Amino acid sequence: MTKICCIGAGYVGGPTMAMIAKKCPDVQVTVVDINAKRIAAWQSDTLPIYEPGLDEVVKEARGRNLFFSTDVDQGIRDADIVFVSVNTPTKTFGEGAGCASDLQYWELCARRIKEVSTTDKIIVEKSTLPVRTAEAMDRVLHSGQKSVHFEVLSNPEFLAEGTAVADLENPDRVLIGGHETPSGQKALKTLVDIYATWIPRDRILTANVWSAELSKLTANAFLAQRVSSINAISALCEATEADVAEISRAIGTDSRIGSKFLKASIGFGGSCFKKDILNLVYLCESYGLQAPADYWRQVVLMNEYQELRFVKTMLRNMFNTIAGKRVAVFGFAFKADTGDTRESPAIRVCRALADDHAKVVVTDPKAIENAKIEMPDLLDRIEFEKDPYKAAAGAHAIALLTEWKEYKTLDYQRIFDSMAKPAFIFDGRNMLDHKALFEIGFEVYSIGKGLRTHLK
Ligand code: UDX
Ligand code: ADP
């Protein structure tokens with residue numbers, strides 16, 4: 001029986017391993033993590049992350065061929081294949097701070113693997129890492145005296161949160177990078193065969209290690225760039241009375257452009273986009289490629305502009321003062337169908353509102369606990385309320401920041417009646433029925449369309 005160990009039981013490692021275990025009952029999968037609380041949650045009925053459909057996948061395989069453990073060393077020792085799926089946040093200190101990835105967790109893993117292994121292993125890079133990390137991994141693993149051989153593969157994960165189960169079950173493609181040596185190709189084939197259990201072979205792409213690593217950064221940079229591009233146009237729309245949704249539809253029907261990732265918003269969030277672009281920027285700069293570095297950095301700057309533009313628009317329309325006014329924030333997760341709040345635009349928006357002395361009330365169906373963790377310094381100034389009706393009661397404004405579908409079907413007449421007047425609604429996701437809201441009496445602002453007002 002092939003034995004897989006995955007180091008890191010997070011948003012990537014947990015769902016990916018659960019899917020492999022579900023699809024390959026004859027492969028034993030053990031997910032290990034140093035975070036005992038997280039492992040306990042994976043073993044319980046309340047998984048540590050919210051992801052539609054994940055409970056069923058985990059329940060089917062857990063205890064059969066899917067295990068969760070804090071015994072990292074044992075997991076590594078027993079495995080034929082070790083996936084490394086630990087966090088690689090942007091460095092906050094030293095050389096490359098604010099840009100490069102912090103590789104300390106990843107390097108600790110490499111050292112641990114080297115230390116405890118007694119048999120040959122395939123090591124699979126799953127975490128998004130700077131290009132040429134596999135090479136560094138190779139060097140760490142093969143330093144000093146040891147007869148064990150490690151073959152490093154890069155297998156970047158393309159799943160998006162909120163749709164992780166569907167993305168894993170039916171991916172556009174799986175990408176695996178391996179060395180062009182006989183042992184590299186053999187390892188590559190081993191991993192291809194595992195994925196081929198449920199994914200058509202023509203969707204399993206192989207490449208050299210560096211291409212695989214750089215493909216991941218490039219894919220995320222291109223996706224984020226589309227969001228920044230449409231957001232740049234949204235600002236122009238508001239200045240010219242064009243409607244960004246109409247523009248998205250018009251350009252999205254061009255098959256060369258395609259219709260996805262053209263939704264104007266308060267900005268992109270999530271653990272990947274910003275981090276990966278900054279990684280790309282750092283890479284370009286370290287090779288002396290300043291113009292490409294500046295080009296990609298602009299995607300992040302545009303995103304920050306969009307977040308702050310939203311707050312400034314709120315402030316301007318609310319008569320240039322929000323001090324003391326209750327503002328209900330609808331949605332804190334960085335996108336719908338996840339409880340994840342990493343890099344959520346809501347963080348910056350809430351901070352800016354609180355800085356202007358608004359009384360911020362955050363509501364979200366899944367992300368309130370994470371929201372508290374994101375803003376530890378503001379806990380005495382920000383209120384958290386699960387019920388959107390209670391959050392909105394007495395508020396001067398609603399800022400809708402996450403496109404949870406339940407926000408579409410709230411009773412907005414009831415909400416309007418409970419709010420201070422004039423009652424503003426700022427739709428940062430362009431998802432509500434603006435005409436209906438306006439008819440109820442709201443002052444309605446939406447991204448890329450501007451404000452509909454009763455006040456003249
Ligand atoms: C992304 C990539 O899609 C995935 O392939 C990679 O593995 C990890 O990074 P994720 O961050 O989970 O996935 O979510 P994604 O759906 O890409 O959305 C990212 C952000 O962009 C969200 O904040 C989302 O709201 C925003 N977005 C997306 C828009 O504002 N407009 C769009 O049209 C699309
Ligand atoms: P991602 O979104 O990439 O999956 P997460 O932060 O959700 O990132 O998960 C990464 C996990 O890796 C965390 O649960 C963390 O505890 C774990 N981790 C980090 N370093 C180590 C390590 N040296 N050994 C085992 N687990 C680790």
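Ala, Val, Leu, Ile, Met, Phe, Trp, Tyr, Cys and Pro count here as nonpolar, Asp, Glu, Lys and Arg as charged, and the others, Gly among them, as polar. With these classes, the shell around ligand 1 in this predicted model comprises 11 nonpolar, 4 polar and 4 charged residues, while the shell around ligand 2 divides into 10 nonpolar, 8 polar and 2 charged residues. The points below take up each ligand in turn and then a pair of strands.

**Ligand 1**
- Ligand 1 is surrounded by 19 residues, of which Lys263, Ser265, Phe268, Gly270 and Cys272 are the closest.
- Both domain 1 (2–199) and domain 2 (222–456) supply at least three residues each to the shell around ligand 1.
- Among the contributing elements, helix 9 (residues 209–240) gives the most to the shell around ligand 1, with 3 residues.

**Ligand 2**
- Around ligand 2 there are 20 residues, and those that come nearest are Gly8, Gly10, Tyr11, Val12 and Tyr105.
- The element that gives the most to the shell around ligand 2 is helix 5 (residues 104–116), which provides 3 residues.

**Strands 7 and 8**
- Strand 7 (residues 174–178) and strand 8 (residues 204–208) run parallel and are joined by 5 bridges, with Leu175 standing opposite Leu205 in strand 8.
- Together with helix 8 (residues 182–195), strand 7 and strand 8 form a β-α-β unit that is right-handed.
- In a regular strand, side chains alternate between the two faces of the sheet.

Note on methods: Residues are numbered from 1 along each chain as its sequence is written. Chains are lettered from A and ligands numbered from 1 in the order in which they are written. This is a predicted model: local features need pLDDT of at least 70, side-chain atom pairs count only at pLDDT 80 or more; totals for chains, interfaces and linings use all residues. A residue is near a molecule or strand if its C-beta atom, placed from the backbone, lies within 6 Å of it. Helices (H or I, at least four residues) and strands (E, at least two) are DSSP runs, numbered from the N terminus. Domain bounds come from an automatic or database domain assignment. Two strands pair if DSSP finds at least two bridges between them. A crossover is right-handed if, with the strands pointing away from the viewer, the path from the first strand over the helix to the second runs clockwise.
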